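Reader: Could you walk me through this model, and start with whichever part you would look at before the rest?

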Amino acid sequence: MTVCYLITSNTTPPLQLLQVLTSAQFSEVKLVNGNGLPLPSAPSSTTSSPILIADDQVLIGVKAIAYYFHLSSSPHRASPNSSNFILSLLTLSESLSKANIPPNSNTLFPQTMGTTTATICLALALQSIQQSTPFSSNTPIINSSLTSSYSSIITSPFYKLAVSSLPTFTYTPPTSTTNMSQNLNFLPLITSIFNSAVLSAYPLSATLGLNPNAVVKCSQMKYGDFQCNSAMELFQKLKALGLAPQKPHDVSKRIIDHVPDWGKEVLRDFSVAGPGFVNARVTKEFLVGRVNETLKVGEGDNNAGKGKGKGKGKKRKVVVDFSSPNIAKEMHVGHLRSTIIGEATCRILEYNGYDVDRVNHVGDWGTQFGMLIQYLKVEFPDFTTNQPNITDLTTFYKAAKAKFDEDVVFKKISQANVVLLQGGDEECRKIWQILCDISRKEFEKVYKRLNVTVEECGESFYNSKIPPVIELLKNMGLVVSDGGAKCIFVPGGNFAIPLMVQKSDGGFGYDSTDMAALSYRIRELKADRIVYVTDFTQATHFKMCFEAAKMAGWWNETTHSLEHIGFGTVQGEDGKRFKTRSGETVRLVDLLDEAVRRMEETLRERAKEGKLSVPEEDIHDVASKLGYGAVKYFDLSRNPTSNYIFSYDSMLDTKGNTAIYLLFAHARLNSILDKAKAEHGDEGDVEKLKGAGVDIVLESAAERVLCFEILQFQDLMDKIEKNLRADQICSYLYNLSIVFTTFVTECRVLGSTEMKSRLLLCEAAGVTMRKCFKLLAIDCPKRI
């Protein structure tokens, strides 16, 4: 089409700019005065907003027209891939100043014109067209605008914010599907293809607020790989404007017709199903390109850098607070979930490029240390010259508590020790340090077994920071006296009690420490995101702390993210908290070692049956990896909020969704690769095949399904970067293992015509499985 109709009114802003934009795109522009003009194709009979009728489209409003030209100014425009684009990002008025533009003005905007959503959209459109379209007679007025009054708009904070927050609108088609696959995740790319098609087919959709996440995987692969659900929503919105075609299927077909050429290198076999779903399959060429990229990257963290702050040139800081045992107490089964989930959370964030502080907020301060100090003095009077050998912290703590409860004199001295400790008494500090050192050694036994890395920053660290934080909050008017205690009453949320930042006796509790920790982590560490991993019963406490920090102006949702991952209870067969037969809390070291003992028994039985490929001297090491991995996976594979019944038989099962099944599947994969190299030499050496330009063939259904499943990993990592759900990694890993098992069952690998191709598929699956195991902190033995 070479002619467009621009319907305006005398107050339509800015008329001159719209004329320039339209004349840059069309050979002829017909201006129509819209004052009082009946418009049968528009939503109302009269309009003061400009309307553009072009390319069989009706675009209403400055934003829609500007965005249309912004998209169409280059032959290869991609749509924004999220809802954070300009039309919904800024909450500014669309209306502009009604001041008339002087007839002989050499600028497109008067000096008094404000920065609004419309002006910013027009600025983007104008710059796009200036860079890509010859303007002939219009060039002087555009250049003049950019260097005069218009410069104040493009240098405004709102404009800079808009530009920095926008995904790049341009997309340059690659020369091959292999290049296209580099550094692109699957789902965002497919989404951008469909969004580009929707905007090309219906430019007005840019202003209709369509769901930006309307592209999903097909629930059944017989219909396709991906499904776009935009057509039905778009049809309803066009219908409300009186602009819809006869049925949703017409919208779907138009979307398919406008899929860009570069998108057809990725997708094929488009079809319309149901009320208007658009289904499509990924081309074999693109799948092969992506799996080759997976092999090229290997086991590296190819999401590294994703978490970098925009324009800051540095990684975003995240504090993860997890594990947090108490000094002078054994780590027990109650610490299992926080430690395991916290470690996986850290690894997820690190994979995505964040700078992670792994904080162990140990309980190393409080009134209990008075009795522990005194008990150590009594039981180990020569502690200064002879380091006490305390290997059973639980027994030591219980004995001290019993003495405290039974002996009035001991209790009084213990209470005095608390004051001395907090005052810096040298002897009390020394005993306290001994207790901390002994506890750390015991904690490390657990962390080593679980492959957990954590840095201690306990309650004592914040002791000196509490008074200034309370004073700061008091000066803000947030602290009130209640029964002698200093409290913060958090509005809303139906909180039954306030936060007590200082007790009536002048002491400090959990509320005091956690508020001081929040202040330190946000204001001094400059953390962008803070994640607490504790049991679900503490959810209300942390919600109150987060709200109090917001009241203090320390954070808001646009600058920081404060999150609490609350987990359920580990239960015994009776549905109650997991304990020993005598009713004692289970020591975590004992629990882990029992899993290894049972696994080692199983492996030795397999060795007797000739079903084990592990040498005798390696059996214990392999059993340790399997046993510890089984305990961790049994926990991580569940929604963290749910309770679960602890069962060695279930977690050590070689069938079903267990770590043992997954590790056996991975070992089977390795055995195929080892056998290929041993029997076929270079022809079966997957490391040499990766650099030999071998073509991957996807002729059978099982080959294609495995390839497609491998390529879902990167989208999964994008998803769990936000929700931190390690159980979704487990689900993916289990499904990948099932798909791989089906593949090697249906497709002969060794000695087949397709051996080289299938060995590369095995390697890609192995690379992806090992990435998942690493994220879950599970060591996978090469052979079993």
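**The parallel sheet and its surroundings**

Author: Strands β10 and β11 (residues 455-456) run parallel and are joined by two bridges, where strands are DSSP E runs of at least two residues, helices are H or I runs of at least four, and both are numbered from the N terminus. Two strands count as paired if DSSP finds at least two bridges between them. This is a predicted model, in which local features need pLDDT of at least 70 and side-chain atom pairs count only at pLDDT 80 or more, while totals for chains, interfaces and linings use all residues. Residues are numbered from 1 along each chain as its sequence is written, and side-chain values use heavy atoms, with hydrogens and water left out.

Reader: Which residues in β11 are the bridge partners of V359 and N360?

Author: V359 has E455 as its bridge partner in β11, and for N360 the partner there is E456.

Reader: And what does β10 pair with besides that, over how many bridges?

Author: Strand β9 (residues 317-321) pairs with β10 in the parallel sense over five bridges, and within that pairing V320 stands opposite R358 of β10. Together with helix α14 (residues 336-351), β9 and β10 make a right-handed β-α-β unit; right-handed here means that, with the strands pointing away from the viewer, the path from the first strand over the helix to the second runs clockwise.

Reader: Is β10 mostly covered or mostly open?

Author: Strand β10, which spans residues 355-360, is mostly covered, with five of its six residues buried. Buried means under 20% relative accessible area, as against over 50% for exposed and in between for partly exposed (1.4 Å probe, protein chains only).

Reader: What's the strand order across the sheet, and which strands are at the edges?

Author: The sheet is open and has five strands in the order β11-β10-β9-β15-β16, with parallel pairing. Its edge strands are β11 and β16 (561-567), each of which pairs on one side only. Helix α21 (residues 539-551) packs on this sheet, touching β15 and β16, and its direction makes about 175° with that of β16; such angles run from 0 to 180 degrees between N-to-C directions, with axes fitted to C-alpha atoms, for helices over the stretch in contact.

Reader: Why call β16 largely enclosed, if it's an edge strand?

Author: β16 is largely enclosed by the rest of the structure because five of its seven residues are buried. It is joined to β15 by seven parallel bridges, and D535 has F567 as its bridge partner in β16. The chain passes from β15 through α21 to β16 in a right-handed β-α-β crossover.

Reader: Switching topic, where is N670, and what does it touch?

Author: N670 lies in helix α25 (residues 659-680) and is buried, with a relative accessible area of 7%. Leaving aside neighbours within four places in sequence, N670 is in contact (heavy atoms within 4.5 Å) with R770, P781 and K782.

Reader: What's the mean pLDDT, and where does it stay under 50?

Author: The mean pLDDT, which is the predictor's confidence in each residue from 0 to 100, is 80 for the protein, and 74% of the residues reach 70 or more. Over residues 165-183 it stays under 50, and there the model has 44 contacts beyond four places in sequence. The pLDDT is also below 50 over residues 308-312, a stretch with eight contacts beyond near neighbours in sequence. Where pLDDT is low, the predicted coordinates should not be read in detail.
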